[in-house]
Amino acid sequence: MKSIVIYYSRTGNTKEVANIIKDRLGSDLVEIKSFDSYDGTVGFIKGGFNAFRNSKTKITPNTVNLSEYDLVFVGTPVWASKPTPMINSILSNCDFSNKKIITYITTAGSGAESTHNSMKTLIESNGGTVFDSFSVIEKDEGTIKEKANKALDKLNI
């Protein structure tokens with residue numbers, strides 16, 4: 001089964017989980033980048049406001065050809081209990097028809113369920129099926145690597 005991880009990461013936590021999945025499954029990686037800056041305090045505030053509004057933004061790459069993949073992971077940090085504008089954009093631009101999707105989020109503590117639900121809605125509107133999801137919650141005990149591996153173990157991946 002060929003897999004890919006599509007993710008956006010502001011601080012590196014979501015990227016770390018993407019690399020854990022890659023190492024475990026041999027997945028291809030696609031990092032989504034924004035043309036807008038979300039650095040620093042101003043970027044944090046702007047990002048939360050845009051995420052709360054379910055905004056999209058100009059990204060690179062603009063889409064990902066998923067035709068050769070059976071399993072697609074999509075990862076995002078939680079901003080204002082929502083996915084980032086970058087993930088909203090890529091989820092709106094990709095054709096997820098006949099793909100098995102696993103969403104994952106990284107969060108300091110809250111917003112996991114609403115973020116997964118928002119991602120599921122966008123994926124399903126583009127033909128995909130969300131097979132499962134997991135969260136890496138910063139406040140939980142352990143390192144990001146330990147938490148991500150534990151979540152993947154539960155999914156039998």
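Reader: What makes the pairing of Lys2 and Glu68 a salt bridge?

Author: In this predicted model, the side chains of Lys2 and Glu68 come together with an N to O distance of 2.5 Å, and because a salt bridge requires a side-chain nitrogen of Lys or Arg within 4 Å of a carboxyl oxygen of Asp or Glu, the pair of Lys2 and Glu68 qualifies. The two residues are 66 residues apart and link distant parts of the chain, with Lys2 in the segment before strand 1 (3–7) and Glu68 in the loop between strand 4 (59–60) and strand 5 (71–77).

Reader: Why is Lys2 called partly exposed, and why is Glu68 called partly exposed?

Author: The label covers what lies between buried, under 20% relative accessible area, and exposed, over 50%. Lys2 has 36% relative accessibility and therefore counts as partly exposed, and Glu68, with a relative accessible area of 47%, is therefore partly exposed too.

Reader: How do you know that Asp23 and Lys22 form a salt bridge, and what makes Asp23 exposed?

Author: The closest N and O atoms of Asp23 and Lys22 are 3.5 Å apart, which is within the 4 Å limit, so the pair counts as a salt bridge. Asp23 reaches 59% relative accessibility, and because exposed means over 50%, that label applies to Asp23; Lys22, by contrast, has a relative accessible area of 32% and is partly exposed.

Reader: Why does the pair of Glu124 and Lys120 count as a salt bridge, and where do the two residues lie?

Author: Their closest N and O atoms are 3.9 Å apart, and since the limit is within 4 Å, the pair is therefore a salt bridge. Both residues lie in helix 4 (residues 112–125), 4 residues apart, which is about one turn of the helix. Elsewhere, salt bridges that share partners join Lys2, Asp28 and Glu68 into one network, and the search of the whole structure finds 6 salt bridges.

Note on methods
Residues are numbered from 1 along each chain as its sequence is written. This is a predicted model: local features need pLDDT of at least 70, side-chain atom pairs count only at pLDDT 80 or more; totals for chains, interfaces and linings use all residues. Side-chain values use heavy atoms; hydrogens and water are left out. Buried means under 20% relative accessible area, exposed over 50%, partly exposed in between (1.4 Å probe, protein chains only).
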